[in-house]
Amino acid sequence: MFDESFDVIVIGAGHAGCEAASASARLGAETALVTINLDLIGQMSCNPAVGGIAKGHVVREIDALGGIMGRVIDRTGIQFRLLNRSRGPAVQSPRAQADRSLYRTEMRRVLEATPNLHLRQGFVIDLIVENNKVIGVEMQDTRRFGAKSVVIATGTFLNGTIHTGKRTFSAGRAGEPASIELAESLKRRGFPVGRLKTGTPPRIDGRTIDWDAFEPQPPDENPVAFSFATEKIEQEQIQCFIGYTSSRLHNTIRKNLHQSPLYSGKIKGIGPRYCPSIEDKVVKFADKDRHQLFLEPEGHNTNEVYLNGFSTSLPSALQLELLRMIDGFERVQIIRPGYAIEYDFVDPRGLRPTMESTRLKGLFLAGQINGTTGYEEAACQGLMAGINAAFSVQGRKPFILQRDDAYIGVLTDDLIQHGVDEPYRLFTSRAEARLTLRHDNADQRLSPKGREAGLVGNVEWDRFNKKRDRIAILRNTLDQTRFKRSSVEYATVSQILGCDLGDSITLSQLAMRQGVKPDLIRRLIPDEMRADIKITELHTALADSLYSGYIEKQKAATERINHHDGLKVPETFQFSRISGLSNEMVERLERARPQSFAQVRKIPGLTPAAVSTVLVHLSANKSQSISQN
């Protein structure tokens, strides 16, 4: 009946598919990774970068659980930067520009070296189902592969349509065919399908850029790696550059909006709010006379430059005309024009927390098929789907992460509980427990779970335990080391801070004082311990102390919110009059028109802070009504 049979089949070799296949195979399941083109495994379809706000947290979590994305970017990243350095540790996040070609090559090398993993090139056109359970897939070339579980991780390929100006054509990515038959198969089987869109900017020839016209953006002097196993980033780093659009360019776009499929009505899918096209920026932010652009070289051995911030679906000739209105781009040439792509997604409310479909046993969905956007969001779904697809075959207990465990748990819960009304992107503001879900402590939170699952090996586990012991000793030292008023250290610190410190002070208490840096704390640690301290571990121990009081308040606030679901929202209540709500939050509330606080909490995309703010005003409104009566 089948040409080959496997325990798990993963369809698609993007970021979700790679993590799913790797996890499944390393857990002992015979796994096939099936993709249209094996040469494009791990292809970065859009921005050649990994990480960013909240996204960097997710990559750290993937690594802590035993995933592979962090290790691959550490080996192929060409510009590492820690974002939000000036803010608190909970919202700091690593980001790295990748060498696009090297990333793809390294990802394939890692997968090919994985036991139990079999790469197969081909086009899946249908699922083979028996008694409402998936038992295999059918290929365009007539092959049939059997499987006990199947993971679909097709990215933008499901019924994909590319738009450039008035030109529209079927594709899953520029130069690659769309997966139309598989999309139609899912519809026939009753899966609720919607339409989303995303876009990409033009890639330009670096030899035609006047680099002196742009502001250099250097890499960090001491790169922060993504994988907890990476001791040091060894490869050569590059500079990126910052530029700006102009009012002349904006005026030209306004005059040519009729050529944009986004504004002509040809595009029906909803695009990502947080990564708008340049057309959208000009229309929606009409008061701004310029927008920031990032010039990001795509690798050491290429002239291709990614123009971050200039996503567009305007005609290619007009794209070139617009670019040449930017200082430094007077002679620029486009290598690949930008475009928009529409694609099908399946309503994620039909998923279990394991990423398994409630409609079809043995079928798991991961990545953009669930309505998300971003490599990192896709990869973490792939990891969860791959683990649970293997566990399903092996009869093991499902692997599930809660909201207070990880950002991965936040994403999963948001998708399943609320669904999506636009491409979903993670932010730190989406997590109630964001003070504990830091990028630096992802291993402390999740490596024991990864070990229990079977993805964290002996070497990594030994490294983790030694680190955990060092941090525990360090915390104890911070709590126990105390300086009295009579000590030399007390006088030195008091002079540096310009204030009295009381009769005595511990290092933990001192670390919470404004203006105190980790380097100062390190200098005050007893000599016999100082030589063994790693600065990253000191940062983790200090952050734990810094947030301890806030975390207790956070837990109390979450419990308070969960006990007010019966609170009614008056028909005349105006969310626009609530101070502290962003325009986006007001828009979501007004569109949903909730009748109770329980419904407020279920609105897609509403941040925990917005939910708390609404509760305060609804409670005040109720109290006012009672007093008037």
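Please bear in mind that the model is predicted.

How many bridges join strand 4 to strand 5? There are 6, and the two strands run antiparallel, with strand 5 covering residues 93-98. I would draw your attention to Phe80, whose bridge partner in strand 5 is Ala96.

The structure holds 6 aromatic pairs, and one of them is formed by Phe80 and Phe226. A pair of aromatic rings is described by the distance of the centres and the angle of the planes. For Phe80 and Phe226 these values are 6.3 Å centre to centre and 50° between the planes, and the pair is tilted. The pair links distant parts of the chain, 146 residues apart. Phe80 belongs to strand 4, whereas Phe226 lies in the loop between strand 14, residues 215-217, and strand 15, residues 240-244. Are these two residues buried or exposed? Phe80 has 0% relative accessibility and therefore counts as buried; Phe226 is buried as well, with a relative accessible area of 0%.

A further pair is that of Trp461 and Phe464. Their ring centres are 5.1 Å apart and their planes stand at 20°, so this pair is stacked. Both residues belong to helix 13, residues 458-480, and because they are 3 residues apart there, about one helical turn separates them. Phe464 is buried, with a relative accessible area of 4%.

Two arginines also sit over aromatic rings. The charged end of Arg290 is placed over the ring of Tyr244, 3.6 Å from its centre. Arg430 lies over the face of Tyr424, at 4.3 Å from the ring centre.

I turn now to the salt bridges, of which the structure holds 48. In one of them, the side chains of Glu377 and Lys55 meet at 2.8 Å, N to O. This pair joins distant parts of the chain: Glu377 is in helix 10, residues 375-394, and Lys55 is in helix 2, residues 55-65, 322 residues away. Glu377 is buried at a relative accessible area of 1%, and Lys55 is buried at 9%.

Asp280 and Lys284 form a salt bridge at 3.6 Å, N to O. They are 4 residues apart in helix 8, residues 278-284, so about one helical turn lies between them.

Finally, Arg588 forms a salt bridge with Glu584, their closest N and O atoms being 3.1 Å apart. Arg588 is buried, with a relative accessible area of 3%, and Glu584 is buried at 15%. Both take part in a network of salt bridges that also links Arg273, Asp421, Glu422, Glu587 and Arg591.

Technical notes. Residues are numbered from 1 along each chain as its sequence is written. This is a predicted model: local features need pLDDT of at least 70, side-chain atom pairs count only at pLDDT 80 or more; totals for chains, interfaces and linings use all residues. Side-chain values use heavy atoms; hydrogens and water are left out. Two strands pair if DSSP finds at least two bridges between them. Rings of Phe, Tyr and Trp (its six-membered ring) pair if their centres lie within 6.5 Å; planes under 30 degrees apart count as stacked, over 60 as edge-to-face and the rest as tilted. Buried means under 20% relative accessible area, exposed over 50%, partly exposed in between (1.4 Å probe, protein chains only). A charge sits over a ring if NZ of Lys or CZ of Arg is within 6 Å of the ring centre and within 35 degrees of the ring normal. A salt bridge is a side-chain nitrogen of Lys or Arg within 4 Å of a carboxyl oxygen of Asp or Glu.
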